[in-house]
Amino acid sequence: MGDAIDLTGDGGVMKKIVQRSKPDAIAPSESLPLVDVHYEGTLAETGEVFDTTREDNTIFSFEIGTGSVIKAWDVALRTMKVGEVAVITCKPEYAYGSAGSPPDIPPDATLVFEVELVACRPRKGSSISSVSDERARLEELKKQREMAAAAKEEEKKKREEAKAAAAARIQAKLEAKKGKGKGKAK
C-alpha cells in the first residue's frame with residue numbers, strides 16, 4: 001500500500017502498511033497498553049514461516065513497553081491503530097540477535113512479520129489517571145445526553161404549542177362558519 005517507513009532511524013525496524021485502519025481507530029497508549037494481534041512470522045532469508053496465529057485463528061496478547069516481546073514489536077505496535085495490517089521487517093538487533101531462538105530462528109536472523117492490530121485495552125485495575133480520564137469521558141457523555149434530552153423536550157414543547165395553535169385556528173374557523181351559516185338551512 002505504501003512505502004516502508006524506517007521506525008528506528010537505522011533501518012532496524014521497517015514498517016509497510018498493507019491495510020490502513022479507519023481514521024477514527026484507536027492506538028495503543030498509556031491508558032490502553034494491552035494489545036491483541038494476529039501475526040505471521042517468516043525468516044527473511046528463506047521465507048519460511050516460523051510462527052503464526054492465523055492457522056488456528058488465535059489472538060496473541062501482550063503489554064507494550066514491558067519487554068515481553070522482541071524490541072521491534074514494542075517499537076512497531078506503538079505506531080499502529082486498531083484494524084491496521086502492516087509488514088514489519090526486523091533486523092537481528094531488534095529481534096533475537098546473535099542468539100536466535102532455536103530451533104526455529106537461527107542466530108542473526110532478519111525477521112518479517114505481517115501483523116494485524118486487533119484491539120487495544122486498559123490494564124486490569126487501571127491506574128488512577130485512566131480511571132479519572134474514563135470518569136471525565138463518562139461525565140462528558142452524560143452532559144451530551146442531558147443536552148440532547150433538553151433539546152428533545154424543547155422540540156416536543158414547540159410541537160405541542162404548534163398543535164394547540166393549529167387547533168385554535170381550526171376552532172376559530174368552525175366558529176366563524178357557524179355564525180355565517182345561520183338562516184340558510186330549512
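How many helices and strands are there in the protein? The count is two helices and seven strands, with helices taken as DSSP runs of H or I of at least four residues and strands as runs of E of at least two, both numbered from the N terminus. Read from the N terminus, the order is β-β-β-β-β-α-β-β-α. A word on the ground rules: this is a predicted model, in which local features need pLDDT of at least 70 and side-chain atom pairs count only at pLDDT 80 or more, while totals for chains, interfaces and linings use all residues. Residues are numbered from 1 along each chain as its sequence is written, and side-chain values use heavy atoms, with hydrogens and water left out.

On to the overall picture. The accessible surface of the protein is about 12600 Å², and carbon and sulfur atoms own 53% of that (Shrake-Rupley method, 1.4 Å probe; for residues, only the protein chains shown count as cover). Of the 186 residues, 27% are buried, where buried means under 20% relative accessible area, exposed means over 50%, and partly exposed is in between (1.4 Å probe, protein chains only). Among contacts (heavy atoms within 4.5 Å) with a separation of 6 or more, 63% link residues 24 or more positions apart.

Next, the inside. In soluble globular proteins, nonpolar side chains tend to be buried together. Beyond its neighbours within four places in sequence, Leu 77 is in contact with Pro 28, Val 37, Phe 62, Ile 64, Val 115 and Leu 117.

Asp 36 sits in strand β3 (residues 34-43). Its relative accessibility is 11%, so Asp 36 counts as buried. The Asp 36 side chain makes a polar contact with the side chain of Arg 121 at 2.9 Å (a pair of N or O atoms within 3.5 Å; within protein, one must be able to donate a hydrogen and the other to accept it, and residues adjacent in sequence count only if both atoms are side-chain atoms). Apart from neighbours within four places in sequence, the contacts of Asp 36 include Ile 59, Phe 60, Ser 61 and Glu 116.

Finally, the cysteines. Cys 90 counts as buried because its relative accessibility is 0%, and Cys 120 is buried at 9%. The disulfide count is zero, a disulfide being a pair of cysteine sulfur atoms within 2.5 Å.
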